[in-house]
Amino acid sequence: MEYPKDFFVRLEGESFLDGRITVNWSKQGFSVEVALVQKESRKIHKHIDTLYYFSEEREAIDRGVQRLARFITEFKISSQN
């Protein structure tokens with residue numbers, strides 16, 4: 001398998017940004033980078049987090065999606081106040 005692997009998440013109601021989950025592999029296991037990227041250019045708009053030391057690729061992807069969802073929820077709550 002070739003790494004890094006990028007997975008893009010469409011964000012409901014967002015016309016400018018997508019979520020990006022990037023999975024990498026090393027001898028220590030899988031890691032995942034979570035970011036918001038511009039839809040057209042795919043340039044990083046906001047780096048959210050990097051998570052490390054997963055034994056399986058699927059686990060890394062799932063945790064990356066959870067982290068993205070938590071960031072979006074926190075952002076929506078803070079922007080409403």
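Is Y53 counted as buried or exposed? At 64% relative accessibility, Y53 counts as exposed; the classes are buried under 20% relative accessible area, exposed over 50% and partly exposed in between, with a 1.4 Å probe and protein chains only. Y53 belongs to strand β4. Its phi is positive, about 70°, although Y53 is not a glycine.

The model is predicted: local features need pLDDT of at least 70, side-chain atom pairs count only at pLDDT 80 or more, and totals for chains, interfaces and linings use all residues. Residues are numbered from 1 along each chain as its sequence is written, and side-chain values use heavy atoms, with hydrogens and water left out.

Helices (H or I, at least four residues) and strands (E, at least two) are DSSP runs, numbered from the N terminus. The order from the N terminus is β-β-β-β-α. The C-alpha trace spans about 45 × 25 × 15 Å along its principal axes. Of the 81 residues, 32% count as buried. Contacts (heavy atoms within 4.5 Å) were also sorted by sequence separation. Among those between residues at least 6 apart in sequence, 30% join residues at least 24 apart.

Strand pairing comes next. Two strands pair if DSSP finds at least two bridges between them. Strand β1 (residues 5-10) runs antiparallel to β2, and six bridges join them. K5 has V23 as its bridge partner in β2. V9 stands opposite G19 in β2. β1 and β2 form a hairpin with six residues between them. In that turn, G13 has a positive phi of about 75°. Ahead of β1 lies the segment that contains P4. A cis peptide bond joins Y3 and P4, with omega at about 5°.

β2 also pairs with β3, again in the antiparallel sense, over 10 bridges. The two strands form a hairpin with two residues between them. S26 has G29 as its bridge partner in β3. β2 is mostly covered, as seven of its 10 residues are buried. In a regular strand the side chains alternate between the two faces of the sheet.

D18 lies in strand β2 (residues 17-26). D18 has a relative accessible area of 7% and is therefore buried. The C-alpha atoms of D18 and V37 are separated by 5.4 Å. Along the chain, these two residues are 19 residues apart.

The side chains of D18 and R42 are joined by a polar contact of 2.8 Å. Such a contact is a pair of N or O atoms within 3.5 Å; within protein, one must be able to donate a hydrogen and the other to accept it, and residues adjacent in sequence count only if both atoms are side-chain atoms. R42 is found in the loop between β3 (29-38) and β4. Its relative accessible area is 32%, so R42 is partly exposed. Phi of R42 is near 65°, a positive value in a residue other than glycine.

Pockets were examined last. Rolling a probe the size of a water molecule over the atoms shows where empty space is left. On a 1 Å grid over the protein atoms alone, a cavity is a set of points where a 1.4 Å probe fits but cannot get out, whereas a pocket is an open set with protein on both sides within 12 Å along at least five of seven lines; lining residues have an atom within 4 Å of a point. Grid points are joined across faces, edges and corners, and a volume is the space filled by probe spheres set on the points.

The largest pocket contains about 300 Å³ of space. Its lining consists of L11, E12, G13, E14, L17, L36, H45, K46, F71, I72, F75 and K76. By class, six lining residues are nonpolar, two polar and four charged. Here Ala, Val, Leu, Ile, Met, Phe, Trp, Tyr, Cys and Pro count as nonpolar, Asp, Glu, Lys and Arg as charged, and the others, Gly among them, as polar. β4 (44-54) and α1 (57-80) each supply at least two residues of the lining. The largest share, four residues, comes from α1.
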